Amino acid sequence: MLSLANRDPFPSYEALRKRGEIIWDPGMKCWLVLSYDLCKVIESDEKTFRIMYADASPLTLEIKGGEAGLSALVGERHPRMRRVYLKLLGDKLMPQYRDQHVLPVINDAIDRFIDKGSAELVSQFSEKIPERVMASLFGLPWRDDTLIANISRWHKDVTAWIGMKNSGDELTRKAKLASDELNKLLLPCILERKDNRGDDFISWIWSRASDDYGEVGVAEVLAIVRDAAIGAGETTTDAIANSIYLFLSDPAMREAVKNDQVAALNAFVEEVLRLLGAVQWRYRIANQDISLGGVTIKKDDSVLLLHAAANRDPAHYACPHMIDLKRRPLTDHLAFGVGPRVCAGMHLARLLVRESLKALIARLPDLRLDPAKETPRFADFSHRSFAPLHVLF
């Protein structure tokens, strides 16, 4: 796996699959799970396979933003906190978020380059959307370019550390510095909203979390805000970039989506998530010796659920490497995980991808890749997207 950084990983995933459903990777020091069915079994069974943060050190939880964030919680507090997240990020709130936060951010990004006739849609568009939407939800000045660039950089440093099992001296150092900066930014807002609440995400946490989770303090609110912010950051940025690349690269898909911006667009977004899911993998740790996929996983062995490979498993999907707008069921992919830890922010992520494409279609109808510029590559490692996206219009 380590050799696949900044390389197209999918041929290697298929070569690995021929060796078995689960294989040992000495570089990553973990078992790679390539099978859709086995990924689903492991991820749905927290009695047998625990999350990394069940063993987390105080420093690890500190870098994450606190132990009360949903992605780090274990035990009986997890379902209580999940109910809080689902109320704050549930499907019913998406029309409100769309009008008040998502569309203003998307249209502002397009306004900045629409008169120029060309753009690079990663740095000028997809990277701008999720961080600014979350800043808007938090009541922060989302038009502040320096602020958003800093937040994006800090989140990238924390995400890189997470993608490598929260390890590595240099990755940990950078993640700790980034975490400290995020806390300096967010804590004053959290303290101010405790007593002066408005119509924003942070105020809602103070007002509503106690109904499902119990009383929360500054540490819990900080953990929730940090968790929601990073969950909507680089992963959604990459999903937007990947959707734009596939939209511009496949004339048949482009026409289908332009002509039907409901069913066909929704199907296209799900297929992009399946084919290129921005988060390539998630980790689990075995609680006991167990035999799966023809191997014996020992207690405390690390298991890497290679969703990017599982989402193209030919044992589960017909024509797994192709976009199929009629694939059913459309949402059974692993891009958002499965089981008790399926992504609580998936409705917001889907909304951002859909509305980004709809806005580009409406405002830049002749949008196309610039053939004279660098060809996009599916780059990076644990989180991947096609870049750069030089376009003309």
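**Cavities, a buried histidine and salt bridges**

By class, the residues around the second largest cavity come out as nine nonpolar, one polar and one charged. The model is a predicted one, and this cavity holds about 70 Å³ of space. Its lining is made up of E131, M134, A135, F138, L140, I151, H155, L182, L185, L186 and A229. Two or more of these residues come from each of α7 (129-138), α8 and α9 (169-195), with α7 giving the most, at four residues.

That cavity is one of six in the structure with a volume of 30 Å³ or more. The largest cavity contains about 1,000 Å³ of space. A set of 44 residues lines the largest cavity, and S71, G231, V279, R282 and C343 sit nearest its centre. Sorted by class, the lining of the largest cavity splits into 25 nonpolar, eleven polar and eight charged residues. Elements that each put at least two residues into this lining are α4 (77-89), α8 (145-163), α11 (218-231), α12 (234-249), β5 (282-286) and α16 (346-363).

R282, one of the residues nearest the centre of the largest cavity, also turns up as a partner of H307: their side chains make a polar contact of 2.9 Å. H307 belongs to helix α15 (residues 307-310). With a relative accessibility of 1%, H307 falls under the 20% cut-off and so counts as buried. A polar atom of the H307 side chain also lies 3.1 Å from the backbone oxygen of L334. Setting aside neighbours within four places in sequence, H307 touches C39, E43, Q280, W281, R282, L334 and G337.

Turning to charge pairs, the whole structure has 30 salt bridges. In one of them, E62 and K176 pair up at 3.2 Å, N to O. This pair ties together distant parts of the chain, as E62 is in helix α3 (residues 58-64) and K176 is in helix α9, 114 residues apart. E62 is partly exposed at 36% relative accessibility, and K176 is likewise partly exposed, at 24%.

The closest N and O atoms of K174 and D157 are 3.9 Å apart. K174 is partly exposed, its relative accessible area being 34%.

R50 and D55 form another salt bridge, with 2.8 Å between the closest N and O atoms. Here R50 is buried, at 16% relative accessibility, whereas D55 is partly exposed, at 46%.

How values were computed
Residues numbered from 1 in each chain as written. Predicted model: local features only at pLDDT ≥ 70, side-chain atom pairs only at ≥ 80, totals over all residues. Heavy atoms only, no water. Buried < 20%, exposed > 50% of the residue type's maximum accessible area, 1.4 Å probe, protein only. Polar contact = N/O pair within 3.5 Å; in protein donor to acceptor, adjacent residues only side chain to side chain. Contact = heavy atoms within 4.5 Å. 1 Å grid on protein atoms, 1.4 Å probe; cavity = no way out; pocket = protein on both sides within 12 Å on 5 of 7 lines; lining within 4 Å. Points joined across faces, edges and corners; volume = space filled by probe spheres on them. Nonpolar A, V, L, I, M, F, W, Y, C, P; charged D, E, K, R; others polar. Salt bridge = Lys/Arg side-chain N within 4 Å of Asp/Glu carboxyl O.
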